[in-house]
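Biologist: Could you take me through this model step by step, with the cut-offs behind each term stated once?
Modeller: Gladly; let us look at it together and then go through the questions in turn.

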Amino acid sequence: MNVTKETKHIDYSIIGVDEAGRGPLFGPVVAAAVYFDEGVYVEGIADSKALSEKQREELYNEIFARAKFGLGLATPEEIDLYNIFHATELAMNRALKILSQFVEIKNVFVDGKNLKLEFPAVCVVKGDSKIYQISAASILAKVTRDKIIEKFHFQYPEYNLIKHKGYPTQEHLELLKKYGPTPFHRLSFEPVISLVSKSLLDDWFDKGLITEPRYRHLLNLLEVDLFGNTRRAKRKARSE
């Protein structure tokens, strides 16, 4: 590819990392790590949030074809167990480990702040609008996550996930109240946790839809023991 004026302003030694899906109530958080060989320039790359869905799809295909990248995710269970911040770090580490099969992991720049990854990395606030490779990572992560959520839409059409992608829109909140949560919701998040009961968790656990660690963790958040007693009430009784 011919070197353009734009490529002269790009540091091609950088690996860019970004995520999509920290804010939703449903589904995984997805991270991407992206590296471009010297001189590879994809016109139109920008922060995914500044692009239309059609633009993101077109750029996703270009980046997919012309970049070296890794994709990683953290599941709703991992988000519940470790919290969204640490689950995001987990997804980013997984993306970098996959990319490490193709390039040496160095000079990593990641969108955000206070992230501690397994590889040395520099955090850049709003990096998705400042650094070419982070912008590309934001597009890969966003479109990948949207594709995952679209598949869930066919499993749970009543939640209209294809429209809101699991984010806490008014429509999603109303449908959550109507139908209740699924095991693929982030059950530790408000307002989802307020719709969770021990009987629902028991049913999911018995059917193998949630693991024992997640089951016990959510009971702890509900302040309910294995017998259905509220620990808050028990503590109060002991203090009396």
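**Fold, confidence and side-chain pairs**

Modeller: The protein has 9 helices and 5 strands, where helices (H or I, at least four residues) and strands (E, at least two) are DSSP runs numbered from the N terminus. This is a predicted model, in which local features need pLDDT of at least 70 and side-chain atom pairs count only at pLDDT 80 or more, while totals for chains, interfaces and linings use all residues. Residues are numbered from 1 along each chain as its sequence is written, and side-chain values use heavy atoms, with hydrogens and water left out.

Biologist: What pattern does the protein follow along the sequence?
Modeller: The elements in question are the 9 helices and 5 strands. Read along the sequence, they give the pattern β-β-α-β-α-α-β-β-α-α-α-α-α-α.

Biologist: What is the mean pLDDT of the protein?
Modeller: The pLDDT is the predictor's confidence in each residue, from 0 to 100. In this protein 90% of the residues reach 70 or more, and the mean pLDDT is 91. Over residues 1-5 the pLDDT is below 50, and this stretch has 6 contacts (heavy atoms within 4.5 Å) beyond near neighbours in sequence. Over residues 232-240 the pLDDT is also below 50, and the number of such contacts in the model is 4.

Biologist: What percentage of the 240 residues is buried?
Modeller: A residue is buried under 20% relative accessible area, exposed over 50%, and partly exposed in between (1.4 Å probe, protein chains only). By that rule the buried share of the 240 residues is 49%.

Biologist: Why is the pair of Tyr-12 and Tyr-132 classed as it is?
Modeller: Rings of Phe, Tyr and Trp (its six-membered ring) pair if their centres lie within 6.5 Å, and planes under 30 degrees apart count as stacked, over 60 as edge-to-face and the rest as tilted; the count comes to 12 aromatic pairs. Tyr-12 lies in the segment before strand 1 (15-20) and Tyr-132 in helix 4 (residues 132-155), so the pair ties together parts that are 120 residues apart in sequence. Both Tyr-12 and Tyr-132 are buried. Because their ring centres are 6.3 Å apart and their planes stand at 75°, the pair is edge-to-face.

Biologist: Which aromatic cluster includes Phe-26 and Phe-152?
Modeller: The rings of Phe-26 and Phe-152 have centres 5.2 Å apart and planes at 85°, so this pair is edge-to-face. Phe-26 sits in the loop between strand 1 and strand 2 (29-35) and Phe-152 in helix 4, 126 residues apart, and both residues are buried. The cluster consists of Phe-26, Phe-152, Tyr-156, Tyr-159, Tyr-179 and Phe-184.

Biologist: Which residue has its backbone nitrogen 3.1 Å from a polar atom of the side chain of Ser-138?
Modeller: Ser-138 is placed in helix 4 and is buried, with a relative accessible area of 1%. Leaving aside neighbours within four places in sequence, Ser-138 is in contact with Asp-18, Ala-46, Asp-47, Ser-48 and Asp-128. The backbone nitrogen at 3.1 Å from its side-chain polar atom belongs to Ser-48.

Biologist: How far is Phe-85 from Val-29 in space, C-alpha to C-alpha?
Modeller: Phe-85 is found in helix 3 (residues 84-99) and is partly exposed, with a relative accessible area of 24%. Not counting residues up to four places away in sequence, Phe-85 touches Arg-22, Lys-113, Asn-114 and Leu-115. Phe-85 and Val-29 are 56 residues apart in sequence, and their C-alpha separation is 10.0 Å.

Biologist: Which residue forms a salt bridge with Arg-66?
Modeller: A salt bridge is a side-chain nitrogen of Lys or Arg within 4 Å of a carboxyl oxygen of Asp or Glu, and the structure holds 15 of them. With the closest N and O atoms 3.2 Å apart, the partner of Arg-66 is Glu-62.

Biologist: Are Asp-146 and Lys-142 buried or exposed?
Modeller: Asp-146 forms a salt bridge with Lys-142, the closest N and O atoms being 3.3 Å apart. The two are 4 residues apart in helix 4, so about one helical turn separates them. Asp-146 and Lys-142 are both buried.

Conventions:
A polar contact is a pair of N or O atoms within 3.5 Å; within protein, one must be able to donate a hydrogen and the other to accept it, and residues adjacent in sequence count only if both atoms are side-chain atoms.
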